[in-house]
Amino acid sequence: MRFKGSREILKDLCFLSPQRMIEFSNNNKTLPIDAFQNISQWIPSIDLSLLKVEYITFSNNLSELLEGLGLYPDKLHNDKIDVESDVSSVTTSSSNEDKEVMKGKVNSLNVLEILSSFGLTAAFPNLYLAYKSLCTLPASSATAERSFSVVKLVKTRLLSTIGQSRLESLLILSCEKDVPINFEKVIDTFGNSSELLKKKLIFK
C-alpha cells in the first residue's frame, strides 16, 4: 500500500526527461490531458495548470539554455583541412553530430542546474519543484535499510537505555564516517557553545 500510485507518478516524471522535452519541442507535440496530474497530487504546492504552461515554455527554450550552460562544445577536433569546402561541410556535420551526442548526455540534474544558475526559479517555480523532487528521489531503499542496520550495531544490549538525541548523533557519526572532518573547526565550535567553555579558553 505504501507504493500505491508510484507507477503513475513515474509516468509523469518521465516527461521531465531532457530528451523527452527536446523531442516535445522539436515535434510540436501536445501534452496529454492528464499530464502531471499525479505529480500535483503527490506535491500539493504544485499548481497543475501553471506547471503545464511552464513545461511548454521551458521545453521550447531548452536547447538554447543548454548551449548557454556550455554543455555543447564549439569544436571537437583541432585537425586542419586544406580544402575550404571540406572544412565547411565537416564543421557543419560534426557540430550537428556533437549536439546530438551531447543531448544524450544531458540529464535532469543539468536541467535543475539551469533553473538554479540562470535564476529561473522565480519564472518556473512549479517546474523547479518538480525537478527538485525528481532529483532527490532515491534510486533504491538501500540507504534507508543500511541506516536501520547501523542501529543494531550502535544500540546494543549494553546501550539499551541510550537517549534519542545521543542515538541520533551516534548514528550520524557511524553512517557518515567517510566524510572528512575538520577537527580544529569542531573544537572551536564546541568551545564557543557555552559561556563556561569560553571562559576556560580565555584562561588558557
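The model is predicted, so local features need pLDDT of at least 70 and side-chain atom pairs count only at pLDDT 80 or more, while totals for chains, interfaces and linings use all residues. Residues are numbered from 1 along each chain as its sequence is written, and side-chain values use heavy atoms, with hydrogens and water left out.

**A crossing pair of helices**

Let's start with helix α2 (residues 18-26) and helix α4 (residues 48-60), whose axes come within 8 Å and cross at roughly 85°. Helices here are DSSP runs (H or I, at least four residues), numbered from the N terminus. Axes are lines fitted to C-alpha atoms over the stretch in contact, with angles from 0 to 180 degrees between N-to-C directions. The two helices are therefore roughly perpendicular, a label for angles of 65 to 115 degrees. On the α2 side, Arg20, Met21, Phe24 and Ser25 make the contacts; their partners in α4 are Tyr55, Ile56, Phe58, Ser59 and Asn60. Contact means heavy atoms within 4.5 Å.

**One salt bridge**

The structure holds 1 salt bridge, defined as a side-chain nitrogen of Lys or Arg within 4 Å of a carboxyl oxygen of Asp or Glu. Lys11 pairs with Glu8, and their closest N and O atoms are 3.6 Å apart. Both residues sit in helix α1 (residues 6-13), 3 residues apart, or about one turn of the helix.

| Residue | Relative accessible area | Class |
|---|---|---|
| Phe36 | 0% | buried |
| Ser133 | 15% | buried |
| Glu8 | 34% | partly exposed |
| Lys11 | 47% | partly exposed |
| Ile187 | 53% | exposed |

Phe36 lies in the loop between α2 and α3 (37-42). Its phi is positive, about 65°, although Phe36 is not a glycine.

Ser133 belongs to helix α8 (residues 125-135). Leaving aside residues up to four places away in sequence, Ser133 touches Trp42 and Ile43. Ser133 and Trp42 are 91 residues apart along the chain, yet their C-alpha atoms are separated by 10.0 Å.

Conventions:
Buried means under 20% relative accessible area, exposed over 50%, partly exposed in between (1.4 Å probe, protein chains only). Angles under 35 degrees count as roughly parallel, over 145 as roughly antiparallel, 65 to 115 as roughly perpendicular and the rest as oblique.
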